[in-house]
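Biologist: Could you show me how to read a structure, one feature at a time?

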Amino acid sequence: MTFGLPAPPERCQACRAQEEPRMDDQLSHYRQSIDNIDAALVYMLAERFKVTKAVGELKARDGLPPADPNREERQIERLRNLARDADLDPDFTEKFLRFIIDEVIRHHQQAKREQSA
């Protein structure tokens with residue numbers, strides 16, 4: 001009879017030993033899912049940048065500015081709404097998108113310089 005006292009340490013260790021493989025399997029499963037999602041993100045970003053590269057070349061050829069602030073703001077607002085729908089932090093989403101937009105603009109500026117050369 002233990003009268004509500006905790007189990008002896010040996011028993012707790014045995015319980016943990018039984019739970020650890022299940023926890024390790026679950027953690028491994030989650031990590032594999034994260035790895036797969038990360039790989040998909042990389043490939044999606046690569047595809048996005050292929051398209052934005054073509055846009056940058058077109059803008060440079062036609063003498064359009066590298067940045068389009070009105071389009072950028074519409075995109076940010078659209079993706080903030082999508083983030084809310086997806087239960088993702090809209091502020092994080094905006095920061096992430098602004099980072100991508102800044103990189104795209106940098107590429108477009110480079111395309112403009114190359115077109116001018």
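What follows is a talk through the features of this predicted model.

Biologist: Let me start with the overall fold. How many helices and strands does the chain have?
Modeller: The chain has 3 helices and 0 strands. Helix 1 covers residues 9–62, helix 2 covers 69–85, and helix 3 covers 90–116.

Biologist: And what share of the residues count as buried?
Modeller: Of the 117 residues in the chain, 16% count as buried.

Biologist: Now the charged side chains. Why would two of them pair up?
Modeller: The general idea is that side chains of opposite charge can pair when their charged atoms come close. In this model, a search of the whole structure finds 9 salt bridges. Let us look at some of them.

Biologist: Which residue forms a salt bridge with Glu57?
Modeller: The partner of Glu57 is Lys53, and their closest N and O atoms are 3.8 Å apart. The two residues are 4 residues apart in helix 1, so about one helical turn separates them. Glu57 is partly exposed, with a relative accessible area of 42%, while Lys53 counts as exposed because its relative accessibility is 53%.

Biologist: What about Arg84 and Glu77: how do their side chains meet?
Modeller: Arg84 and Glu77 meet in a salt bridge, with 3.7 Å from N to O. Arg84 is partly exposed at a relative accessible area of 43%, and Glu77 is also partly exposed, at 39% relative accessibility.

Biologist: Which parts does the pair of Arg80 and Asp91 tie together?
Modeller: First, the contact itself: Arg80 forms a salt bridge with Asp91, and the closest N and O atoms are 3.1 Å apart. Arg80 lies in helix 2 and Asp91 in helix 3, so the pair ties together parts that are 11 residues apart in sequence. Arg80 counts as buried because its relative accessibility is 15%, and buried means under 20%. Asp91 is partly exposed, with a relative accessible area of 42%. Salt bridges that share partners join Arg80 and Asp91 with Glu73, Glu94 and Arg98 into one network.

Biologist: Let us move to empty space. How do you find it?
Modeller: Rolling a probe the size of a water molecule over the atoms shows where empty space is left. Here, the largest pocket holds about 610 Å³ of space. It is lined by 27 residues, and those closest to its centre are Arg48, Thr52, Gln75, Leu97 and Ile101.

Biologist: Which helices supply the lining of the largest pocket, and how does the lining divide by class?
Modeller: Helix 1, helix 2 and helix 3 each supply at least two residues of that lining. By class, the lining of the largest pocket divides into 16 nonpolar, 4 polar and 7 charged residues.

Biologist: And how much space lies in the second largest pocket?
Modeller: About 160 Å³ of space lies there. Helix 1 and helix 3 each give at least two residues to the lining of the second largest pocket, and the largest share, 6 residues, comes from helix 3. Among the lining residues are Thr52, Gly56, His107 and His108, and you will also find Lys53 and Glu57 there. The classes in this lining are 2 nonpolar, 6 polar and 3 charged residues.

Biologist: Next, the surface. Which residues make the nonpolar surface patch?
Modeller: The patch, of about 290 Å², is made by Leu88, Phe92 and Phe96. Phe96 lies in helix 3 and counts as partly exposed, at 39% relative accessibility.

Biologist: How far apart are the C-alpha atoms of Lys112 and Leu64?
Modeller: They are separated by 8.9 Å, while the two residues are 48 residues apart along the chain. Lys112 is found in helix 3 and is partly exposed, at 39% relative accessibility.

Key
Residues are numbered from 1 along each chain as its sequence is written. This is a predicted model: local features need pLDDT of at least 70, side-chain atom pairs count only at pLDDT 80 or more; totals for chains, interfaces and linings use all residues. Side-chain values use heavy atoms; hydrogens and water are left out. Patches are made of residues with over 30% relative accessible area and no salt bridge: like charges are joined within 9 Å, nonpolar side chains (Val, Leu, Ile, Met, Phe, Trp, Tyr) within 5 Å. Accessible areas come from the Shrake-Rupley method with a 1.4 Å probe; for residues, only the protein chains shown count as cover. A salt bridge is a side-chain nitrogen of Lys or Arg within 4 Å of a carboxyl oxygen of Asp or Glu. Buried means under 20% relative accessible area, exposed over 50%, partly exposed in between (1.4 Å probe, protein chains only). On a 1 Å grid over the protein atoms alone, a cavity is a set of points where a 1.4 Å probe fits but cannot get out, and a pocket is an open set with protein on both sides within 12 Å along at least five of seven lines; lining residues have an atom within 4 Å of a point. Grid points are joined across faces, edges and corners, and a volume is the space filled by probe spheres set on the points. Ala, Val, Leu, Ile, Met, Phe, Trp, Tyr, Cys and Pro count as nonpolar, Asp, Glu, Lys and Arg as charged, and the others, Gly among them, as polar.
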